[in-house]
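Biologist: Hey, I'm new to this one. Can you walk me through it?

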Amino acid sequence: MKRLIYSLAFVVCVAATGTPTFAQQSGGLRVEFQGPGGHSSGAYGRVSALHAAACTVILIQQALPSGSYQITNLTGGNSVNSIASDGLIELKLTAANAAE
């Protein structure tokens, strides 16, 4: 179905402008993190899944060009004074063409 829609978009753009142009491509991505978690006093030093998610956001910023993504959600954690056992990143990816 997607291929048919892209083909129709190409035909409409060529017919309207006389030169081939492609509609902007987009898609969503959801990345979940899991860790051991625990209470901050009894499990001090354990890995936080939310910290790993935040570090991943920084790596995404370094790897992808500006304007090609949008972070729509960064969340996680269980309660106050606890090490997060879960984290979540949701982002929207956009590209000018399918090859990107």
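This is a predicted model: local features need pLDDT of at least 70, side-chain atom pairs count only at pLDDT 80 or more; totals for chains, interfaces and linings use all residues.

Biologist: Okay, in what order do the three strands of the open sheet sit?
Modeller: The order is 1-5-3, with antiparallel pairing. Strands (E, at least two residues) and helices (H or I, at least four) are DSSP runs, numbered from the N terminus. Two strands pair if DSSP finds at least two bridges between them.

Biologist: Which ones are the edge strands?
Modeller: Strand 1 (25-34) and strand 3, as each pairs on one side only.

Biologist: And how are neighbouring strands turned against each other?
Modeller: By 10° on average, ignoring direction. The axes are lines fitted to C-alpha atoms, for helices over the stretch in contact, and angles run from 0 to 180 degrees between N-to-C directions.

Biologist: What packs on the sheet?
Modeller: Helix 2 does, touching strand 1, strand 3 and strand 5. Its direction makes about 170° with that of strand 3. Contact here means heavy atoms within 4.5 Å.

Biologist: Back to the pairing: how many bridges join strand 1 and strand 5?
Modeller: Ten, in the antiparallel sense. Gln25 stands opposite Ala95 in strand 5, and Arg30 stands opposite Glu90. On the strand 3 side, strand 5 pairs over seven bridges, again antiparallel, and there Asn73 has Glu90 as its bridge partner.

Biologist: New topic. Which residues make up the largest nonpolar core?
Modeller: Eight of them: Phe33, Ala49, Ala53, Val57, Ile60, Tyr69, Ile89 and Leu91. Helix 2 (49-63) and strand 5 (86-95) are the elements giving two or more residues, and helix 2 has the largest share, with four. A nonpolar core is a set of buried Ala, Val, Leu, Ile, Met, Phe, Trp, Tyr and Cys residues joined through side-chain atoms within 4.5 Å.

Biologist: What does Ala49 touch?
Modeller: Leaving out residues up to four places away in sequence, Ala49 touches Phe33, Gln34, Gly35, Ala84, Ser85, Asp86 and Gly87.

Biologist: And Ser68, buried or exposed?
Modeller: Ser68 counts as buried because its relative accessibility is 14%. Buried means under 20% relative accessible area, exposed over 50%, partly exposed in between (1.4 Å probe, protein chains only). Ser68 lies in the loop between helix 2 and strand 3 (69-76). Not counting residues up to four places away in sequence, Ser68 touches Lys92, Leu93 and Thr94.

Note on methods:
Residues are numbered from 1 along each chain as its sequence is written. Side-chain values use heavy atoms; hydrogens and water are left out.
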